[in-house]
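Let's take a friendly walk through this fold. Keep the sequence and the 3D view side by side as you read.

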Amino acid sequence: MDYGLVILAGGKSTRMGSDKAKLPFGDESLIEYMIKRFRPHFEDIYISVDRISDLDGIDISRPMIEDSIRGIGPMGGIYSVLKETNKERLIFVSVDNPFADAAIAANVAKSSNGADVTIIRRNSGKIESLFAVYSRRCLKYIEECIGERNYSLKRIHDKVECKYIEEKDLFVGENYDRNAELCFFNMNHRQDYYRALSHLKISVSDTKRNIPAVSFVAPSNTGKTTYIEKLIVELKKRNLRLGVIKHDAHDFEIDKPGKDSYRFTHAGADAVAISSMSKTAMVFLHDEPVSVDDIIEMVGDVDLIITEGYKKSNLKKIEVLRKGYNEEFVCDSKYRLAVVADYEVETEYPLFPLDNPEKMADFLVNYVESYKKEF
């Protein structure tokens with residue numbers, strides 16, 4: 001074959017909050033899922049990365065090519081792979097396009113002979129620049145773009161001979177619309193990731209979390225909130241970035257009547273966000289409870305997530321016992337991680353004093369480090 005496939009996996013994943021290529025996708029990472037998906041249709045598969053070390057810990061078993069010029073987006077990956085390989089033509093697909101149709105990609109690659117760039121044009125007129133074939137003849141034009149500091153892929157298209165393949169000529173059958181939308185579905189945000197998992201019939205809780213989460217559980221009036229408040233102070237002293245999720249068994253209102261965001265919500269908006277220079281908040285309305293797993297996956301860029309409540313979840317639990325208020329465990333022992341109490345408790349799990357969160361903070365720092373090594 002004089003053509004091959006490139007999976008672009010060098011993006012910053014800023015909107016996702018973590019490296020897309022390493023996201024859990026069932027029993028494997030997203031990049032492994034993509035390779036497996038395309039392997040029956042392509043003999044040669046290359047992985048374009050910012051740095052090879054970005055995918056440490058994943059058995060790629062395919063050539064990885066680093067961006068020779070960083071910080072210029074997909075153009076850097078396209079340029080680096082075209083220059084590094086001896087393939088005359090390469091079809092490029094982004095790692096955040098998990099359901100890209102491998103058979104259609106192969107057909108597009110086969111039909112690209114003679115063109116500098118072969119691109120799919122959607123029925124809407126949109127051009128799929130990252131489900132496209134770029135030939136080696138593009139190299140000098142890409143170098144011109146880089147020299148101009150114009151890193152838009154459209155700028156390449158303007159300089160070269162492009163062949164357009166119409167969407168309607170690629171997808172046929174009764175599920176035409178659904179197949180086309182799925183093929184070009186992109187995962188840019190966490191909610192897109194959840195939709196992808198839902199399509200695979202995988203729940204978020206079935207995937208390995210890349211951020212450890214523990215839940216402090218006990219009946220009301222046991223002192224959980226006060227303890228967690230003091231614990232947060234100790235964990236921040238140890239330089240941990242923290243996310244905290246509070247479970248409310250009743251309805252709640254965080255907006256103030258009369259404020260703009262309150263008025264938007266009560267006028268019927270399903271989601272309202274308010275943002276300032278230092279903080280952002282978003283309120284979603286929903287008919288059914290949102291699982292703690294889904295909420296956890298919305299939290300990014302922290303070292304540890306602490307939840308209060310959710311005793312029926314499959315999170316690791318730290319049970320809080322208080323003499324005269326709550327002296328019985330309330331959770332399944334298989335999820336128990338530790339115990340906090342203001343009296344001596346017979347337990348096989350680590351026991352910590354209710355009036356001294358410092359030792360618990362040290363314990364959780366070690367837990368986070370162990371979790372990272374395991375992950």
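Helices (H or I, at least four residues) and strands (E, at least two) are DSSP runs, numbered from the N terminus. Helix H7 is where you will find Leu197. Leu197 is buried (under 20% relative accessible area, with a 1.4 Å probe and protein chains only), its own value being 0%.

The model is predicted: local features need pLDDT of at least 70, side-chain atom pairs count only at pLDDT 80 or more, and totals for chains, interfaces and linings use all residues. Residues are numbered from 1 along each chain as its sequence is written, and side-chain values use heavy atoms, without hydrogens and water.

Now to the sheet. Six strands form an open, parallel sheet in the order E11-E14-E10-E15-E16-E17; strands pair if DSSP finds at least two bridges between them. E11 and E17 each have a single partner strand, so one side of each lacks a neighbour in the sheet. Strands E10 and E15 pair through four bridges, and Val217 has Glu319 in E15 as its bridge partner.

| Strand | Residues |
|---|---|
| E10 | 213–217 |
| E15 | 316–321 |
| E11 | 242–246 |
| E17 | 351–353 |

Finally, Phe42 contacts (heavy atoms within 4.5 Å) Tyr3, Gly4, Leu5, Ile91, Ala102, Ala105, Ala106 and Ala109, leaving aside residues up to four places away in sequence.

Conventions. Buried means under 20% relative accessible area, exposed over 50%, partly exposed in between (1.4 Å probe, protein chains only).
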